[in-house]
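Colleague: I am meeting this model for the first time, and I would like to go through it slowly, one question after another. Could you show me the sequence and the structure before we begin?

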Amino acid sequence: MASTHAPRCDSADLRRQINELADYLCGAVQGNFDLLAVVDTEDEDMQKLTMMVNFVLESARRAVCELQQREACLRSVLETAAEGILTANSDGIIQTCNRAAAAMFGYEPEEVLDRPIEMLMPDAVALTHRMQVERLLAQPATVSVPAREVTARHQSGRLFPISLAVSQAETRQGRMFTAIMRDLTEEKRMQCELAQAQRLESVGQLAAGIAHEINTPTQFIGDNLRFLHEGFQELQAIMAACGRLVEAIDKGAVQAEQLRDFAATWRGSEADYWRREFPSAIQQSLEGNERVASIVRAMKEFSHPGVDTPVLASLNDAVRTTVTVSRNEWKYVAEVELHLDPELPEIECLPGPLNQVILNLVINAAHAIEKVLPRASAEKGTIHISTSSGPDSVELRVSDSGCGIPPEIRDRVFDPFFTTKEVGKGTGQGLAIARNVVVDKHGGSISFESEVGRGTTFVVRLPLKQRQ
Amino acid sequence: MVGLIPNLLLKLIESAAGPETVAAVLRQAGIPLERRYGLNRVYPDEEWQRLYAAARDLLGLDEDRAEAMFAEFFVQDALARFPRWFQMCRNSYEMLCLQPKIHNAFATGCSAAAARRVLNDKFRTVSEPHRLIVEYRSPNRLCGLYVKLARCIATHYGDEVDLAERECVKWGANRCLIEVAWRRLLHG
Ligand code: HEM
Ligand SMILES: Nc1ncnc2c1ncn2[C@@H]1O[C@H](COP(=O)(O)OP(=O)(O)OP(=O)(O)O)[C@@H](O)[C@H]1O
Ligand SMILES: [Mg+2]
């Protein structure tokens, strides 16, 4: 007879089944969620319990699976990230480190795990590092440190620049720091090459102006030489007459006829005129020649082959050189006034890049003046360039009477590729390169003061000596 | 089909017509007389279909009547057996939203892993305020039972609902679409 009433289990049976279920749960304690309970029971409450236990086990298994997958996914993102990513605990001990981070410093990931983060820093930085961590720890975990440039230490001992951003999170193991790093070595090298390229490019751009500058003296040297040539032909007639006269004197028989002939030649010539004009024609030619020579010299100076290590050089010379090669760029819109401190000490610097900085400032000044000059007027503005020295630095000021820099763009003018100029006139690299050269390559500073409608002064400060 | 359902059907037959009818139904359906449907075990859908057809036949019930009777019986049993799920819901709207999860708990909770996938996702719901669209896909074609159960649940919570089947496999659709709209919720 079919009965829907399940036979009642006795308590021994039930105890056995309960223990069986508990066993399955023990498996779960060990993290084994794969085993589902198969309790052979006719007791419906026990079936219900088994079902719920399995449901919980299965849900836990899925959650663990999903977590593992997410972790694997995160790990692969970390591992394939181009950025170096590492985490450290509040004691500064490295907890995780992706391949890119390890490679950046010349290690295998295992070699840095559980070691102090200071091993990746130069000693000078490591000394103050703990203090910075303490300061961060004192702040809420939401505070992060935006990317900035710092010096790192390669396993080989080589120091190299990286960009470093730090964020923190509160975890069950306490504060955890995440550092995201990018090696800047290559970028710096590119910047350097870019600057060098720009310098060569500007020599190219200046070439037309320079050709013009050379053309003017060359032309009047030519005029003067033609003038001297003409004069010389007349002088030759006089000299021939002189020669004849001298011959007669030598024979001891000077005749009146001969004297008359000489006097006629002399009077027929413009000897007086030539005597007056020759010296200045010669002088002018020499000056013209000197002018050409100095432009050629300046060009050579300006495109100074890139030296990687600083050399002693005169900032005053650099100013003169640059003003000379760029003359054609400013002479139609401005007078350039130089106030160069004659006592200015030489500084340790990279002359080529520094010339480029001065050129960029002078050209910007000329453009700013051009903007405020009425069209087709003979009026000109002024570019005032001065140098002065302090106890351990020198200062260069380039002032213009141009349009000024409006307040709303003041904090962007140093950004790469920021320009307000039309296509072809500016690419927005001038000041970015100037800053790179002055600040990054020389440890100096560059700033400006500006008043719209009155003009701008760029101030460059350079240390006398370069730190090694 | 999870054993709870045929288990309850046999109980219903026994209470309505006695143990002899249970035996007759099993015999007509070609199911061994000693079959005990475990709440957490899984049986072939065809077995259930044979069982259900034999029960209707021997009790002389049309589909509508059978569904209504079974729904009534089923809800009484569920209330007694799983009171917690009913307490967790303030009204029938919340209960019907929870229903697919309850079913998935059964599917997930049965130890036969292979059967799980088949059981899962028979029901999918899209809920809007005061409205629920239920998509039901199953070879057992028990959409009528769904409607009756939903009405019983609404009555249990003291709510007023309108129930309509928008699409049905019995009309040639590839799934059933049931719309539940609440005119009144007693709580919430
Ligand atoms: C505590 C409440 C409930 C429990 C414990 C429960 C349990 C179950 C179980 C175990 C099945 C068999 C599932 C399968 O094998 O696929 C089932 C089927 C079904 N349930 Fe429920 N259910 C509950 C509430 C509801 C409600 C509220 C409705 C409808 C409003 C509903 C409608 C259905 C239908 C239509 C089926 C047949 C599915 C098929 O096999 O095609 N159930 N239920
Ligand atoms: N002396 C100045 N007076 C007014 N504005 C200036 C001056 N110097 C720079 N600026 C502003 O700063 C912007 C950026 O200057 P920067 O030299 O970096 O680029 P640029 O002159 O536009 O282009 P590039 O130098 O590459 O040819 C200029 O476009 C201009 O708007
Ligand atoms: Mg510029």
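Colleague: How far does helix H12 of chain A reach from its first C-alpha to its last?

Modeller: Helices (H or I, at least four residues) and strands (E, at least two) are DSSP runs that are numbered from the N terminus. Helix H12 of chain A, residues 430–441, has 12 residues, and the expected span of a helix is 1.5 Å times one less than its number of residues. For H12(A) that expectation is 16 Å, and the computed reach is close to it, at 15 Å.

Colleague: Before we go further, what pLDDT do local features need here?

Modeller: Residues are numbered from 1 along each chain as its sequence is written, chains are lettered from A and ligands numbered from 1 in the order in which they are written, and side-chain values use heavy atoms, with hydrogens and water left out. This is a predicted model, in which totals for chains, interfaces and linings use all residues, while side-chain atom pairs count only at pLDDT 80 or more and local features need a pLDDT of at least 70.

Colleague: Which residues of H12(A) are buried?

Modeller: Buried means under 20% relative accessible area, exposed means over 50%, and partly exposed lies in between (1.4 Å probe, protein chains only). By that rule the buried residues of the helix are A:Gly430, A:Leu431, A:Ala432, A:Ile433, A:Ala434, A:Asn436, A:Val437 and A:Val438.

Colleague: Which residue just after H12(A) takes a positive phi?

Modeller: The phi in question is about 65°. The residue that takes this value, just after the helix, is A:Gly443.

Colleague: Which side chain places a polar atom 2.5 Å from an oxygen atom of ligand 2?

Modeller: Ligand 2 is surrounded by 20 residues (a residue is near a molecule if one of its heavy atoms lies within 4 Å of it), and the closest of them include A:Leu431, which is also one of the buried residues of H12(A). Oxygen atoms of ligand 2 also have backbone N or O atoms beside them, one of A:Gly428 at 2.9 Å and one of A:Gln429 at 2.8 Å. The side chain asked about belongs to A:Thr419.

**Chain B and ligand 1**

Colleague: In what order do the elements of chain B run from the N terminus on?

Modeller: Chain B contains 8 helices and 4 strands, and of its 188 residues 53% count as buried. From the N terminus on, the order is α-α-α-α-α-α-α-β-β-α-β-β.

Colleague: Which helix gives the most to the shell around ligand 1?

Modeller: Four helices of chain B, namely H1 (4–17), H5 (83–88), H6 (92–109) and H8 (143–157), each supply at least two residues of that shell. The largest share is 6 residues, and it comes from H6(B).

Colleague: How many residues of the shell around ligand 1 are nonpolar?

Modeller: Ala, Val, Leu, Ile, Met, Phe, Trp, Tyr, Cys and Pro count as nonpolar, Asp, Glu, Lys and Arg as charged, and the others, Gly among them, as polar. The shell holds 4 polar residues and 1 charged residue, and the number of nonpolar ones is 20.

Colleague: How far is a side-chain N or O atom of B:Tyr136 from an oxygen atom of ligand 1?

Modeller: Among the residues that come nearest to ligand 1 are B:Val2, B:Tyr136 and B:Ser138. A backbone N or O atom of B:Val2 lies 2.7 Å from an oxygen atom of the ligand, and for a side-chain N or O atom of B:Ser138 the distance is 2.5 Å. For B:Tyr136 the distance is 2.3 Å.

Colleague: With which side chain does the side chain of B:Gln99 make a polar contact?

Modeller: B:Gln99 is in helix H6 of chain B, and it counts as buried because its relative accessibility is 10%. A polar contact is a pair of N or O atoms within 3.5 Å; within protein, one must be able to donate a hydrogen and the other to accept it, and residues adjacent in sequence count only if both atoms are side-chain atoms. At 2.7 Å, the partner of B:Gln99 is B:His103.

Colleague: Is A:Asp114 buried or exposed?

Modeller: A:Asp114 is in the loop between helix H4 (109–112) and helix H5 (123–137) of chain A, and its phi is near 65°, a positive value in a residue other than glycine. Its relative accessibility is 59%, and therefore A:Asp114 counts as exposed.

Colleague: What is the relative accessibility of B:His130?

Modeller: B:His130 is found in the loop between strand S1 (123–128) and strand S2 (131–136) of chain B, and its phi too is a positive value, near 65°. It counts as partly exposed because its relative accessibility is 47%.
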